[in-house]
Amino acid sequence: MDDAHNDAADPARRGLLKCMLWAGTGLVWTVTGGVPRSGLLGSAQAATTGQDLHFVQISDSHIGFSHDPNTDVPGTLQEAVDAVKGMPQKPALMLHTGDVSHLSKPAQFDTAEKIIGSAGFDTHYVPGEHDVLDEDGGKGFIAQFQKREKAGGSGGAYYSFDQQGVHFIGLNNVSNLKAGGLGALGPDQLAWLAADLKGRSASQPIVVFAHIPLWTVYEQWGWGTDDGTQALALLKRFGSVTVLNGHIHQIIQKVEGNVAFHTARSTAFPQPAPGTAASAGPMHVDAGKLRSVLGVTSVAYVRGNSHLAIIDTPLGA
């Protein structure tokens with residue numbers, strides 16, 4: 001879809017995209033009846049009630065990384081977890097969208113589990129490509145983090161669950177990377193997804209979370225999923241779909257129809273904007289500015305609204 005063309009033809013959509021770009025500065029946005037409504041983080045307009053589902057996303061912890069620009073990734077992960085613990089409304093759950101580790105080492109997973117576990121939240125994981133570097137193709141990751149998800153029954157590290165009226169779907173698009181590093185789901189997982197969605201009401205809110213973006217952000221760097229369009233086609237009939245990803249270590253968002261796409265910041269290090277460097281990878285920032293480009297994402301389901309409200313919060317100014 002040509003975003004520039006559609007923005008010119010649809011002023012309301014253009015305004016919504018602008019609202020989403022502001023989200024990184026602490027703006028929460030919702031869409032009610034197709035009309036965008038925004039409120040500043042902490043404002044009355046951004047507040048949710050006790051009946052609403054509130055959850056958070058963290059991503060790309062890269063425990064084991066120890067180079068410029070961040071030689072203490074366990075420390076910044078702890079800061080992110082502490083920020084979540086300090087939220088005035090306790091989240092119902094936390095999602096981690098992959099690259100928990102940097103080199104798939106058991107000690108790295110253990111460190112991450114200890115830090116994340118200190119939050120005391122129910123946490124659900126999907127693998128990143130750095131989590132499946134070991135010789136067994138990520139079985140260690142699944143063994144450590146996926147037992148409760150019963151992902152083994154689906155044939156891989158993908159699963160679904162329901163909470164407070166929202167259907168969550170965790171996908172694995174890193175086990176069979178395509179040329180250039182593009183993610184892939186594969187026919188078995190797509191068939192599982194079709195079966196999982198079959199018979200569900202089109203009015204039920206859907207949250208999909210995977211490591212690599214399901215939409216193509218920048219193909220030259222492998223920032224997309226080769227067969228992601230097939231998964232998105234299965235989700236098209238639902239009135240509210242939110243797709244959460246990591247991998248690219250920065251906030252990029254868009255809306256197509258009833259699907260809102262959101263990629264999250266890393267808790268470890270930033271990467272350059274698409275096409276602005278020779279390649280993807282850790283981007284140098286001054287030590288005093290590092291925390292301003294790391295952060296967590298908070299998501300709320302407000303009953304009666306057609307989309308979820310998303311707030312991105314940096315670790316520091």
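The count comes to three salt bridges, a salt bridge being a side-chain nitrogen of Lys or Arg within 4 Å of a carboxyl oxygen of Asp or Glu. The model is predicted, so that local features need pLDDT of at least 70 and side-chain atom pairs count only at pLDDT 80 or more, while totals for chains, interfaces and linings use all residues. Residues are numbered from 1 along each chain as its sequence is written, and side-chain values use heavy atoms, with hydrogens and water left out.

| Salt bridge | Closest N to O distance |
|---|---|
| Asp82 and Lys85 | 4.0 Å |
| Lys254 and Glu256 | 2.7 Å |

Asp82 and Lys85 both lie in helix α3 (residues 73–85), three residues apart or about one turn of the helix; helices (H or I, at least four residues) and strands (E, at least two) are DSSP runs, numbered from the N terminus. Lys254 is buried at 11% relative accessibility, whereas Glu256 is partly exposed at 23% (buried means under 20% relative accessible area, exposed over 50%, partly exposed in between, with a 1.4 Å probe and protein chains only).

Six strands form an open sheet of mixed pairing, in the order β6-β7-β8-β9-β11-β10, where two strands pair if DSSP finds at least two bridges between them. β6 (159–163) and β10 (252–256) stand at the edges with a single partner strand each, so one side of each has no neighbour in the sheet. Within the sheet, β9 (residues 241–245) and β11 (residues 259–263) pair in the parallel sense over five bridges, and Val243 stands opposite Phe261 in β11.
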